[in-house]
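Reader: I am new to protein models. Please show me how to read one.

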Amino acid sequence: MKSFGTKKIFSLFVATLLFSSHCFAFELDTSVDEEIRKNYNPSALEQNLPALPKTAPSQSTTTKTTTTTTTNKTTPAVPKTQPVSQPSKPQLVIKKMDNDYKFDKSTAIRIKKGTKFRVKSNCVISDYQKEGTRVSFTSIKPVTQRYITINEGTKFNAVVENSHLPQYTGNGGLIVLMVDGIVVNGSTKSVHAKITKANLKKVFLNNIKGKRGYIKGISTQVDKGENFYKKTRRTSAKLADNPVGLIISPIPTVFGAVVYSINLVGSPIFAIWAKGSRISIPAGSEFEIKLLEDVYLQ
């Protein structure tokens with residue numbers, strides 16, 4: 001028994017010496033880990049990774065469908081009902097005159113700007129006519145141009161651009177006519193012309209005006225005061241024939257003199273309420289028309 005215990009202790013001692021020797025020690029090689037730490041930063045590896053590419057959502061230009069992923073089934077979208085189209089309203093078509101369309105001016109016959117026509121009115125020209133009223137004239141003398149002659153009896157159309165009745169401050173009536181058409185060979189051509197003479201009297205700025213009444217109003221007021229003064233003097237003369245009326249006979253004369261003085265001094269103010277004369281040119285009166293632009297005839 002004693003020898004068995006001694007062997008056991010000796011065996012444990014020998015085993016201890018063997019395992020404590022350097023030849024049985026395990027040493028881990030960490031050189032690879034050191035190289036990795038030198039060349040790379042483990043904490044920044046994830047930050048330096050490239051971003052994943054983004055894919056654009058597919059778009060359909062023909063049909064649109066709505067998909068639902070809750071039950072892994074696709075449900076087609078219900079098409080929207082289009083409103084019933086209402087019938088379009090008919091458009092107003094404005095008919096243009098022949099020379100309003102494009103044409104070759106090199107081959108057209110030209111009536112020069114500034115050409116004058118002697119015409120007569122086909123209706124009464126009056127300041128009663130409102131803006132937009134149509135009137136007409138007829139030529140009474142032919143006009144010859146290069147390659148063409150505008151014969152007597154050619155019709156001109158005009159429109160009233162502005163008009164008013166006699167006004168206060170002595171202003172007379174007014175009517176402004178603009179000639180916008182001429183009838184040649186049965187077709188109406190657009191023209192731009194004005195009236196330069198009306199009833200053989202010159203017209204300035206195309207304004208046919210009635211005579212002003214302001215100056216006439218002043219003389220009218222003076223005449224009224226003078227006539228009243230003459231009446232009072234006659235009254236005073238009649239009173240002087242009577243011995244009883246002789247005492248008061250100067251009173252009418254003095255009163256007439258005061259009224260005459262007031263009318264004489266205040267006539268420029270009183271004439272403000274005077275009106276000018278009316279415009280009423282009878283049919284068949286002679287006018288003169290002047291072209292403001294060239295007219296081209298095919």
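Author: Ile-262 lies in helix 4 (residues 250-270); helices are DSSP runs of H or I, at least four residues, and strands are runs of E, at least two, numbered from the N terminus. This is a predicted model: local features need pLDDT of at least 70, and side-chain atom pairs count only at pLDDT 80 or more, while totals for chains, interfaces and linings use all residues. Residues are numbered from 1 along each chain as its sequence is written, and side-chain values use heavy atoms, without hydrogens and water.

Reader: Why does Ile-262 count as partly exposed?

Author: Buried means under 20% relative accessible area, exposed over 50%, and partly exposed in between (1.4 Å probe, protein chains only). Ile-262 has 48% relative accessibility, so it counts as partly exposed.

Reader: How do I read a salt bridge?

Author: Look for a side-chain nitrogen of Lys or Arg within 4 Å of a carboxyl oxygen of Asp or Glu. The whole structure holds five salt bridges. In one, the side chains of Arg-118 and Glu-286 meet at 2.9 Å, N to O. This pair links distant parts of the chain: Arg-118 is in strand 4 (residues 116-121) and Glu-286 in strand 15 (residues 286-291), 168 residues apart.

Reader: Which residue forms a salt bridge with Lys-230?

Author: Glu-226 does, with the closest N and O atoms 3.7 Å apart. Lys-230 and Glu-226 are four residues apart in helix 3 (residues 214-240), so about one helical turn separates them.

Reader: Are Lys-230 and Glu-226 buried or partly exposed?

Author: Lys-230 is partly exposed, at 42% relative accessibility. Glu-226 is partly exposed too, at 30%.
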